[in-house]
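Let's walk through this protein together, one question at a time. Have the sequence and the model side by side as you read.

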Amino acid sequence: MSLKTIGAAGLGLLASFAVAQSATAQAAPAAAKTAPVAPAVAPLATGPAIPGVCVYSGDRAILSSTVGKFVLTRIQTIEAQANAELTAEKNAIVAEGKTLEGQRATLPQEQLEQKALQLNQRGQALQRKAQQRGREIEATQQKALSRVNDELLPLVRDVFQQRACSLLLDANAVMLANPAMDITDAAVVKLNAKITQFAFERERLEPTPAQAPAQ
């Protein structure tokens, strides 16, 4: 999985992913009873490791490390907090809308239209706030994962020298390689010994002028 595909582009992305995972987990036992047994896959036969040539996956290093998993879990918590904030505001608007609908027969038309306009403006402001929170969460994740990558790079250099590598290839650009040439796990071991978590909060981005009333 590429880190580019896990950005929180909008609120609810990680939550949807979690729901999908849960549904898959629940369906797995039932599917296991009916699905045919897949044939065993023979281990991949490779040629000898090429001396001096090493392979590294930055995505796998981050996602399999203790600190990388912590970051993604923390992002889910931050997103849940933002969703709770937005849901509370949405519910309040919906409740006032229902109350206003019940007053349709008793309120003067001008007053009814004024209240409806105010509710509509609040709904638009809430939509802008949701978009703002989505951008803030995405910026938060990018900054946190960048911190993890910064912690990794010196460790990758250490392993590169320890393994006497002359050339380091990006695993994303290599279809298959002898596992003995892969230094990713060795870098992850060093990272887990160096750092397992760090504190961070949701980034606060400056709103555009059109967004200012929603903030």
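Helices here are DSSP runs of H or I with at least four residues, numbered from the N terminus. The model is a predicted one.

Q: In which helix is Gln 127 found, and is Gln 127 buried or exposed?
A: Gln 127 is found in helix 4. Exposed means over 50% relative accessible area. Gln 127 has a relative accessible area of 52%, so this residue is exposed.

Q: What distance separates the C-alpha atoms of Gln 127 and Lys 90?
A: Along the chain, Gln 127 and Lys 90 are 37 residues apart.

Q: In what order do the elements of the protein run from the N terminus on?
A: The protein has five helices and two strands to arrange. Starting at the N terminus, their order is α-β-α-α-α-β-α.

Q: How are helix 3 and helix 4 oriented to each other?
A: Two packed helices are described by the angle between their axes and the distance between the axes. For helix 3 (residues 66–102) and helix 4, the axes come within 10 Å and cross at roughly 180°. Angles over 145 degrees count as roughly antiparallel. Helix 3 and helix 4 are therefore roughly antiparallel.

Q: How are helix 4 and helix 5 oriented to each other?
A: The axes of helix 4 (residues 109–162) and helix 5 (residues 184–194) come within 9 Å and cross at roughly 130°. The crossing of helix 4 past helix 5 is right-handed. With that angle, the two helices are therefore oblique.

Q: Which residues of helix 5 meet helix 4, and how do the residues of the contact divide by class?
A: On the helix 4 side, the contact includes Val 148, Glu 151, Leu 152 and Leu 155. Helix 5 brings Ala 186, Ala 187, Lys 190, Leu 191 and Lys 194. By class, the residues of this contact are eight nonpolar, one polar and four charged.

Q: Is Leu 191 buried or exposed?
A: Leu 191 is found in helix 5. Beyond its neighbours within four places in sequence, Leu 191 is in contact with Ser 65, Val 67, Val 148, Glu 151, Leu 152 and Leu 155. At a relative accessible area of 0%, Leu 191 is buried.

Q: Which residue is joined to Thr 184 by a polar contact of side chains?
A: Thr 184 lies in helix 5 and is buried, with a relative accessible area of 0%. Leaving aside neighbours within four places in sequence, Thr 184 is in contact with Val 55, Tyr 56, Ser 57, Arg 60 and Ala 61. The side-chain polar contact of Thr 184, at 3.4 Å, is with Arg 60.

Q: What is the phi of Ala 164?
A: Ala 164 is in the loop between helix 4 and strand 2 (167–170), and counts as exposed at 52% relative accessibility. Most residues other than glycine have a negative phi. Ala 164 is not a glycine, yet its phi is positive, at about 55°.

Q: What share of the contacts with a separation of 6 or more comes from residues 24 or more positions apart?
A: The protein has 215 residues, of which 29% count as buried. Among its contacts with a separation of 6 or more, the share from residues 24 or more positions apart is 88%.

Note on methods
Residues numbered from 1 in each chain as written. Predicted model: local features only at pLDDT ≥ 70, side-chain atom pairs only at ≥ 80, totals over all residues. Heavy atoms only, no water. Axes fitted to C-alpha atoms, helices over the stretch in contact; angles between N-to-C directions. Parallel < 35°, antiparallel > 145°, perpendicular 65-115°, else oblique. Left-handed = near helix turned anticlockwise from the far one by under 90°. Contact = heavy atoms within 4.5 Å. Nonpolar A, V, L, I, M, F, W, Y, C, P; charged D, E, K, R; others polar. Buried < 20%, exposed > 50% of the residue type's maximum accessible area, 1.4 Å probe, protein only. Polar contact = N/O pair within 3.5 Å; in protein donor to acceptor, adjacent residues only side chain to side chain.
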